[in-house]
Amino acid sequence: MGKIVLVTGAARQLGGRFVRRIQRDPGVDRVIAVDAVPPGHQLGDAEFVLADIRQSAIARVLAEHSVDTVVHLDVSAKALGAGGRTTAKETNVIGTMQLLGACQKSPSVQRLVVKSSTNVYGSAPRDPAVFTETTPPKSLPSGGFAKDAVEVEGYVRGFARRRPDVAVCVLRFANILGPEPDSPLADYLVLPVLPTVLGYDPRLQFVHEDDVVDVLEMAAREPRRGTLNSGTFNIAGDGVLLLSQCSRRLGRPTVPLLLPAVTWVGSALRTVGMTDFSPEQIRLLTHGRVVSTVQMRETLGFRPKFTTAETFAEFARSRGPGLLPPERVGRAVARLAELPMAGGRPAGTDTTHSTHGAR
């Protein structure tokens with residue numbers, strides 16, 4: 001018999017994509033898609049179960065379907081529907097506790113894959129240039145989704161100690177972007193004008209939605225020869241982008257502000273519901289974060305199809321032109337450079353004739 005895979009967070013775009021993908025794996029017999037709200041997208045031939053992972057009923061779902069592989073994707077910075085930050089935290093932390101408790105009691109569970117985030121490293125002024133999977137953060141996140149992710153990983157480590165027979169894979173994703181992103185950072189990047197912290201230009205990494213689905217599928221399978229898909233892995237595209245480069249490629253002007261003013265603007269945007277401009281996101285947009293992907297390549301054996309720059313380009317194309325499209329800015333700069341006061345020459349000037357005349 002093939003694998004029986006249970007996927008949490010199936011009502012999210014990323015969860016739905018993974019559910020549809022994993023069904024095509026010839027080694028998978030059935031897919032059980034779980035979420036507390038009905039999905040607004042198709043799930044193919046998967047069996048959808050309306051269940052809240054914060055409730056103990058998730059244990060019954062595992063037992064009834066004899067699930068052997070659990071892919072936990074319901075760890076997110078944003079709640080679905082009308083739920084706010086409290087709902088998101090409860091789903092992330094309490095939901096993970098309930099799910100792990102159910103997995104611990106289930107004799108059929110053999111593999112667990114957990115979606116985490118590089119937010120666990122935090123963002124601080126004295127951070128190392130590059131984080132590895134074993135680098136301790138200079139200061140643990142004090143709140144928000146970053147703290148949720150730290151707590152989730154702590155519970156997962158405890159589960160791995162209690163069930164050493166279960167293969168556990170934790171994937172720490174960099175900022176996920178693509179044509180259909182669903183994150184506070186993506187909401188920030190589509191603002192008409194980007195508030196930034198005066199004097200800072202943070203380095204950012206991105207991972208494409210397609211690569212996220214690919215690596216999740218790899219983690220849910222048995223490892224290929226010469227690779228190991230148990231452990232903790234940073235997942236990000238090659239290269240980095242500065243926030244200033246991101247704003248130019250989006251055609252969105254920036255407004256550099258002093259840090260207290262950025263905090264105030266963030267609170268105002270959060271109040272009107274435009275974006276979750278949380279303190280952790282302000283720290284990211286101040287100090288940035290870059291992680292090593294050596295283990296992703298050498299141990300997990302995964303190589304992303306998209307670099308950080310290519311991922312961002314896909315996102316920018318899906319958003320449409322901003323207030324200052326790069327092409328228009330480029331043409332304006334070129335016209336300015338041709339003006340005499342800018343050192344340019346009037347059109348039609350014969351440079352050879354002028355040189356001979358000077359002689």
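1. Start with two phenylalanines: Phe-206 and Phe-312 are both buried. Keep in mind that this is a predicted model. For Phe-312 the relative accessibility is 0%, so the residue counts as buried, the cut-off being under 20%.

2. Those two side chains also pair up. Their ring centres sit 5.4 Å apart with the planes at 35°, so Phe-206 and Phe-312 make a tilted pair. What does this pair link?

3. Phe-312 has another partner, Phe-315. Here the centres are 5.8 Å apart and the planes stand at 55°, so this pair is tilted as well. The two residues are three apart in helix α11, which means about one helical turn separates them. Phe-315 is buried too, because its relative accessible area is 0%.

4. Put together, Phe-206, Phe-312 and Phe-315 form one aromatic cluster. The structure holds three aromatic pairs, among them the Phe-206/Phe-312 pair and the Phe-312/Phe-315 pair.

5. Now for the whole chain. You'll find 13 helices and 13 strands in it. Of its 359 residues, 50% count as buried. If you look at contacts between residues at least 6 apart in sequence, 79% of them join residues at least 24 apart.

6. Last, the surface: the accessible area of the protein chain is about 17,100 Å², and carbon and sulfur atoms account for 55% of that.

Methods: Residues are numbered from 1 along each chain as its sequence is written. This is a predicted model: local features need pLDDT of at least 70, side-chain atom pairs count only at pLDDT 80 or more; totals for chains, interfaces and linings use all residues. Side-chain values use heavy atoms; hydrogens and water are left out. Rings of Phe, Tyr and Trp (its six-membered ring) pair if their centres lie within 6.5 Å; planes under 30 degrees apart count as stacked, over 60 as edge-to-face and the rest as tilted. Buried means under 20% relative accessible area, exposed over 50%, partly exposed in between (1.4 Å probe, protein chains only). Helices (H or I, at least four residues) and strands (E, at least two) are DSSP runs, numbered from the N terminus. Contact means heavy atoms within 4.5 Å. Accessible areas come from the Shrake-Rupley method with a 1.4 Å probe; for residues, only the protein chains shown count as cover.
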